[in-house]
Amino acid sequence: MSAFALDGYLHARRHIVENALQESLNVSTPPVDGRVGQAMEYSLMAGGKRLRPILCMAACEAVGGQPDSVLKAACALEMIHTYSLVHDDLPAMDDDDFRRGRLTCHKAFDEATAVLAGDALLTSAFHLLSMEDTFPADLALDVIRMIAKASGSFGMIEGQMRDIEAEGKVLDLSALRALHGLKTGALICASVEAGAVLGGATPTQRAALKSYADKIGLAFQVADDILNVEGDPALMGKGVGTDAEHDKATYPSLMGLAESKAYAADLVKDALNALNDFGERAEPLKSLALYVIQRQR
Ligand code: GRG
């Protein structure tokens with residue numbers, strides 16, 4: 001087992017990401033004294049684990065790149081993730097009152113503002129990625145295509161649609177896996193792949209990191225379902241037990257709690273195997289894989 005000090009690493013990386021996110025708001029949003037700007041900042045700067053940006057930086061590091069050089073891609077990924085949470089919390093979707101330990105965007109502002117703030121976070125992410133001085137044009141195009149695919153109707157949006165359509169229906173494990181692969185796995189995978197591409201990964205390294213990301217993306221969702229059963233609402237900043245209340249198909253509901261935990265551990269083992277050829281530089285990615293299933297929020 002790695003002696004890598006994950007707590008210090010996460011703390012340091014979150015600090016860098018928070019500063020870069022604040023800066024990215026100044027670059028790519030309307031003035032923050034306007035209502036949409038305020039709502040964007042409210043949700044984007046509300047904390048959160050910053051897992052996607054940190055994975056992006058760690059993947060860059062694993063292939064020998066400079067993690068700071070991918071910060072704008074890391075910020076764009078967090079903006080897209082935050083937009084998805086703002087919209088997911090709306091009354092037309094999950095209708096949640098709390099997110100990241102504070103009122104959801106539509107509760108703190110209003111529904112129309114939350115819709116627009118989400119829209120603006122999504123478009124601002126692509127604005128940031130496509131600015132002339134952000135990345136060399138060929139790499140920027142590759143990354144923009146990959147992130148657009150993962151977050152659009154080939155990825156997160158399709159996953160969300162399947163999730164909504166699944167309400168009141170019985171899903172089997174393979175349908176559940178496919179749904180989550182799209183809804184949460186695709187953006188996690190794009191985060192790792194973007195860091196790898198921008199860090200100069202070879203095709204072999206890119207494929208290995210994609211395989212790592214597929215496994216941790218799935219493990220992330222299994223862990224999320226487990227936390228919804230036995231997590232601490234105070235640590236999570238949102239309610240638990242909601243999946244059972246809504247009779248949702250989840251890994252614990254389909255496999256049982258103990259089996260779900262064993263499945264998540266197996267996925268992480270596979271993710272670690274995908275990193276076999278990377279050596280020391282992949283220590284952060286290895287620890288992050290374990291963090292995905294050991295986290296308490
Ligand atoms: C509305 C287009 C649209 C998409 C929504 C991702 C998603 C699709 C909805 C989120 C609903 C949800 C709670 C899914 C479970 C997994 C997940 C994405 C949890 C939140 O991500 P974390 O744990 O959150 O990384 P933080 O706040 O730490 O960033």
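Reply: A pair of helices

The axes of helix 7 (residues 137-151) and helix 9 cross at roughly 175° and come within 9 Å of each other. Helix 7 is therefore roughly antiparallel to helix 9. Here axes are lines fitted to C-alpha atoms, for helices over the stretch in contact, with angles from 0 to 180 degrees between N-to-C directions; angles under 35 degrees count as roughly parallel, over 145 as roughly antiparallel, 65 to 115 as roughly perpendicular and the rest as oblique. Helices (H or I, at least four residues) and strands (E, at least two) are DSSP runs numbered from the N terminus.

This is a predicted model, in which local features need pLDDT of at least 70 and side-chain atom pairs count only at pLDDT 80 or more, while totals for chains, interfaces and linings use all residues. Residues are numbered from 1 along each chain as its sequence is written, and side-chain values use heavy atoms, with hydrogens and water left out.

On the side of helix 7, the residues that meet helix 9 are Leu139, Asp142, Val143, Met146, Ile147, Ala150 and Ser151. Their partners in helix 9 are Ala186, Leu187, Ala190, Glu193, Ala194, Val197 and Leu198, contact meaning heavy atoms within 4.5 Å. By class, this contact of helix 7 with helix 9 has eleven nonpolar, one polar and two charged residues. Ala, Val, Leu, Ile, Met, Phe, Trp, Tyr, Cys and Pro count as nonpolar, Asp, Glu, Lys and Arg as charged, and the others, Gly among them, as polar.

Helix 9 spans residues 173-198 and also holds Gly185. Because its relative accessibility is 12%, Gly185 counts as buried (under 20% relative accessible area; exposed is over 50% and partly exposed in between, with a 1.4 Å probe and protein chains only). Leaving aside residues up to four places away in sequence, Gly185 touches His180 and Gly217. Gly217 is 32 residues from Gly185 along the chain, yet their C-alpha atoms are separated by 4.3 Å.

Arg100, in the loop between strand 1 (98-99) and strand 2 (102-103), has a positive phi of about 50° although it is not a glycine. Asp247, in the loop between helix 12 (242-245) and helix 13 (251-255), is likewise not a glycine and has a positive phi of about 55°. Arg100 counts as buried because its relative accessibility is 18%, whereas Asp247, at 64%, counts as exposed.
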